[in-house]
Amino acid sequence: MNDLVIRRAARDDVAAIVAMIADDQLGSTRESVDDLTPYLKAFEQIDADPNQLLVVAERNQQVIGTLQLTIIPGLSRRGSSRGLIEAVRVAAPARGSGLGTTLIQWAVEESRTRGCTLVQLTSDKTRTDAHRFYTNLGFENTHEGFKLKLS
């Protein structure tokens with residue numbers, strides 16, 4: 001992975017990021033690469049927020065991975081912050097190369113650097129391979145998550 005660069009995403013990366021998000025069983029039912037307008041609007045909000053970090057992994061000027069790291073300040077745990085990892089994706093040609101591990105390790109270290117005392121993530125119940133992946137990286141399945149769709 002010597003030629004790998006993990007960097008803050010730029011507006012020009014949005015199409016590649018959306019393509020990766022849409023390229024799986026769940027994303028293909030809820031994402032669309034046909035109109036990037038809502039994604040570009042979301043990107044602008046993410047990019048303007050100092051507690052949000054959308055990154056891409058790039059090799060040979062090709063975007064091959066992404067994740068979003070949110071730093072959440074809190075009162076619990078003696079006023080500590082936590083890192084929330086979301087939307088981890090690896091482009092199909094790069095899957096199985098260790099890139100997912102590299103991205104997660106990067107996010108954990110970035111969270112530590114930003115003063116977080118905990119890193120958390122969620123994963124859809126149907127993603128059993130992802131659950132095994134996160135467990136192998138040291139994450140523990142300690143909570144039950146809930147969602148309420150608003151639209």
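Rings of Phe, Tyr and Trp (its six-membered ring) pair if their centres lie within 6.5 Å; planes under 30 degrees apart count as stacked, over 60 as edge-to-face and the rest as tilted. With that rule in hand, I looked for ring clusters and found that ring pairs link Phe133, Tyr134 and Phe139.

**Ground rules**

I am working on a predicted model, where local features need pLDDT of at least 70, side-chain atom pairs count only at pLDDT 80 or more, and totals for chains, interfaces and linings use all residues. Residues are numbered from 1 along each chain as its sequence is written, and side-chain values use heavy atoms, with hydrogens and water left out.

**Entry 1: the rings**

How many aromatic pairs does the whole structure hold? My search of it gave 2. One of them is tyrosine 134 with phenylalanine 139, an edge-to-face pair with 6.1 Å from centre to centre and 70 degrees between the planes. I noted both values because a pair of aromatic rings is described by the distance of the centres and the angle of the planes.

Next I checked burial (buried means under 20% relative accessible area, exposed over 50%, partly exposed in between, with a 1.4 Å probe and protein chains only). Tyrosine 134 is buried at 11%, and phenylalanine 139 is buried too, at 17%. Then I stepped to glycine 138, in the segment after α6 (128–136). Glycine 138 counts as exposed, at 56% relative accessibility.

**Entry 2: the sheet**

I needed two rules here. Helices (H or I, at least four residues) and strands (E, at least two) are DSSP runs, numbered from the N terminus. Two strands pair if DSSP finds at least two bridges between them.

In what order do the strands of the open sheet lie? I read the 5 strands as β1-β2-β3-β4-β5, with mixed pairing. At the edges I found β1 (4–8) and β5 (116–121), each pairing on one side only. The twist from one strand to the next averages 25 degrees. For angles, axes are lines fitted to C-alpha atoms, for helices over the stretch in contact, and the angles run from 0 to 180 degrees between N-to-C directions.

I then followed β4 to its two partners. Strand β3 (residues 62–72) and strand β4 (residues 81–90) run antiparallel and are joined by 7 bridges. Across this pairing, leucine 69 stands opposite isoleucine 85, and threonine 70 stands opposite leucine 84. On to β5: β4 and β5 run parallel, with 5 bridges joining them. There, arginine 82 stands opposite leucine 118.

Is β4 enclosed or open? It is largely enclosed by the rest of the structure, because 8 of its 10 residues are buried. Serine 81, in β4, is buried at 17%. For touching I used this rule: contact means heavy atoms within 4.5 Å. Leaving aside neighbours within four places in sequence, the contacts of serine 81 include Ile71, Pro73, Gly115 and Thr117.

Helix α5 (residues 99–113) lies across β1, β2 (52–59), β3, β4 and β5, running at about 30 degrees to β3.

Helix α3 (residues 37–48) has 12 residues and reaches 17 Å from its first C-alpha to its last, close to the 16 Å expected at 1.5 Å a residue. The expected span is 1.5 Å times one less than the number of residues.

Which residues of α3 are buried? I found Tyr39, Phe43 and Ile46. What covers the buried residues of α3 includes α1 (14–22), β2 and β3. On the other side of α3, Thr37, Lys41, Gln45 and Ala48 are exposed.

Most residues other than glycine have a negative phi, and most peptide bonds are trans. Arginine 77 sits in helix α4 (residues 76–79) and counts as exposed, at 53%. Alanine 87 has a positive phi as well, near 50 degrees. Alanine 87 lies in strand β4 and is partly exposed, at 31%.
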